[in-house]
Amino acid sequence: LKSNSQKIIPKIIEGIILPVSRPDFNLRWEMCRNMKEVDADVNFYSIRPLSHEFMNFIDGKRSVEEIASAVGYEYNIKIDEKHVLLLFKDLEKRGLIKLHRREID
Amino acid sequence: MMNNLQKNIRFELDGHKAWQHANYITQWMRTPGSTGIKRTNQYAREALEKYGLDNVYEVKYPSRENGTQDLVFTGWDVNDASIEIVEPEVKALTSYAEAPTCIQHWSIPTPPEGIIAELVDVGIGTSNSDYEGKKLEGKIVLAAGDGHAEGNSQAYLLAVEKYGALGLVTDNLIYQQPPFRVRENHPDSIALLRVPSREEKGWAFTISHTQGTYLRNLLKKGPVKLKVKIDAQNFSGEDSELVGVIKGTEYPEQEIWFVAHSSGTKPGANCAGGVGLWIENARTIMSLINQGKIPRPKRTIKFLLGAEGMGLNAYLKSQNVESKNVIAAFVYCSVGNDQALNNSSLILYKSAESIPSFINDLCINTIEQVSMDALPPFKDETRDIQLIRFNVLPYTPWSDNSRLMRILIPSPLFMSWPSQYFHTQFLTADKLDPAVLKRCGEVTTSVALLIAGAGVMESRYIAQIVEAKGKARFNEVSIRAYNEMMDNISGEVTSEDSLRSISELRQGEIDYLAERSIEALESIRGLIDDNQLYRELDELIEKMQKVKVDTQFRIERFRSLLSRSDNI
């Protein structure tokens with residue numbers, strides 16, 4: 001989806017309010033397993049608050065990388081861009097957001 | 001050091017009154033739409049009317065008139081339930097009277113005489129492989145579960161809806177937290193769990209780990225039959241959100257909310273604590289106004305109470321709520337746990353940092369100001385020692401804060417955690433502490449009244465708090481950076497690169513924190529329209545930028561000095 005010279009910018013599709021409910025059970029476990037490889041502090045219950053903040057930080061300007069970094073600082077957890085993309089690709093598949101590519105200046 | 005507003009609240013707010021409300025409510029099973037939740041709402045309504053709020057009303061749902069017609073749900077009431085072994089011996093396991101958490105919500109009733117069926121152990125019971133090759137139609141499944149509510153849901157769906165069992169029995173204990181809360185040291189705890197679907201095909205019981213182990217051992221010797229009796233009803237649900245209003249005198253369109261939920265299990269003292277404090281807050285504020293100790297608030301204060309999730313949703317649907325007009329919503333969950341009995345702490349789960357607001361800094365500052373309980377040996381008046389734990393953690397969606405956050409309403413959540421009796425039959429009102437209820441009320445009511453009455457001077461005060469807290473965070477990060485770099489040079493492997501990456505990481509954190517603090521300062525502009533205040537905010541923001549750059553420079557200089565030392 002992304003080359004080294006590109007940033008991915010998530011945008012919420014007009015009229016959509018992102019879900020309050022937990023991400024799908026299997027997706028949460030997948031995110032948990034992936035994130036735990038980078039930071040052992042992550043557990044199954046981390047995924048819901050982190051996912052909420054991943055979604056909250058979407059403003060049509062911040063890149064996925066910037067969102068990962070902001071939420072990482074908020075929770076003092078190491079978060080990689082690819083972890084956030086696991087959720088965002090699912091949201092895109094469900095027609096809730098669109099992932100745009102932007103060339104890095 | 002408490003300010004005058006905080007002193008007035010400390011004098012007026014009575015933790016024992018909050019506790020008495022909570023204790024009274026724990027007599028009812030309070031599932032959405034149930035008789036118990038309706039009695040709880042009625043009890044709260046009568047209290048608010050007695051205190052003389054400007055308006056008290058209910059938003060019913062589902063209702064076309066209120067625009068809540070799509071909030072259709074299945075209500076559930078329970079009168080009695082029991083489970084016993086009938087073969088190879090006769091032995092009672094548990095009952096609704098003994099442990100109200102044993103019957104999983106939305107379980108269907110049995111015939112009045114009950115049903116008798118064979119028990120089959122499927123192990124954990126959360127995956128297909130646990131069930132394959134077993135004949136389960138017309139039988140009862142025993143599943144250990146995986147320590148998660150979702151595991152219970154999966155076990156029910158597989159056992160009852162896929163493999164045709166009559167019902168599920170589980171000794172799953174969720175929210176385990178070693179060493180305080182594991183099945184081995186809570187052998188008799190029976191956890192609240194819920195039937196996940198509304199297909200009305202079966203029922204589920206939770207039993208204790210002691211009982212689960214007993215059944216597994218019995219099954220090793222031969223067939224076991226259980227008798228189950230359930231007197232419960234599923235029905236088309238109707239409910240309402242209770243709203244109490246103290247109308248603002250100058251900016252009535254701006255609002256501050258107190259949100260609690262009347263839903264919960266029986267006894268469910270944790271959730272009941274939130275309702276108890278919610279009622280006592282209303283009394284405290286009205287009493288202070290009526291005594292002339294505080295002026296009527298400039299902004300509107302609203303009290304919202306109903307089923308967690310759906311009740312607040314009904315209110316939001318029925319009103320045309322503009323998020324920007326809701327300055328803050330204080331959300332109560334389990335706000336009164338006795339800290340010694342529950343191994344618990346009061347927690348402020350911050351409003352999501354993604355929503356720019358001054359509210360977190362103001363709450364943290366107030367916690368520090370009012371959390372003084374005991375005298376040091378060298379003083380006679382000023383209490384400097386904290387006895388009630390009050391921790392601050394990042395945003396966590398435990399309750400209605402998740403719904404409010406999604407529509408960009410700053411919503412700090414107050415609850416107790418960890419909690420070794422959480423959602424078990426043992427979380428009775430005696431596990432609550434009036435002093436903890438009072439502490440939570442002191443903090444939230446102080447902050448709410450400060451915001452509700454804020455003019456230019458109060459807004460200026462809030463700005464100073466945000467600026468000071470922002471700078472303090474820079475210092476904390478720089479100290480962390482120095483510690484990490486010192487650890488790094490005393491470790492076995494040290495390199496320029498690793499020092500540089502620490503410096504970059506912490507400088508990045510300071511960028512992030514600066515952005516958050518500046519946005520929090522900006523949010524103060526929403527309180528009041530005053531050019532002088534706006535200029536002062538601009539100056540504070542400029543100062544914040546300078547301190548940011550200075551702190552980053554100091555981190556980088558420390559790295560540079562270490563890099564030049566002999567350690568590298």
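By class, the lining of the second largest pocket has 5 nonpolar, 4 polar and 8 charged residues; here Ala, Val, Leu, Ile, Met, Phe, Trp, Tyr, Cys and Pro count as nonpolar, Asp, Glu, Lys and Arg as charged, and the others, Gly among them, as polar. The model is a predicted one, where local features need pLDDT of at least 70, side-chain atom pairs count only at pLDDT 80 or more, and totals for chains, interfaces and linings use all residues. Residues are numbered from 1 along each chain as its sequence is written, chains are lettered from A and ligands numbered from 1 in the order in which they are written, and side-chain values use heavy atoms, with hydrogens and water left out.

This pocket holds about 540 Å³ of space. Of its 17 lining residues, Tyr73(A), Ile77(A), Lys78(A), Ile79(A) and Leu505(B) lie nearest the centre. Helix 3 (64–75) of chain A and helix 13 (496–523) of chain B each give at least two residues to the lining, and the largest share, 5 residues, belongs to helix 3 of chain A. Helices (H or I, at least four residues) and strands (E, at least two) are DSSP runs, numbered from the N terminus. On a 1 Å grid over the protein atoms alone, a pocket is an open set of points with protein on both sides within 12 Å along at least five of seven lines, a cavity is a set where a 1.4 Å probe fits but cannot get out, and lining residues have an atom within 4 Å of a point. Grid points are joined across faces, edges and corners, and a volume is the space filled by probe spheres set on the points.

Helix 9 of chain B supplies the largest share, 4 residues.

Then there is the sheet: 8 strands of chain B form an open sheet in the order 1-9-11-10-12-15-13-14, with mixed pairing (two strands pair if DSSP finds at least two bridges between them). Strand 1 of chain B runs antiparallel to strand 9 (residues 239–246) of chain B, and 7 bridges join them. One bridge pairs Val59(B) with Glu241(B).
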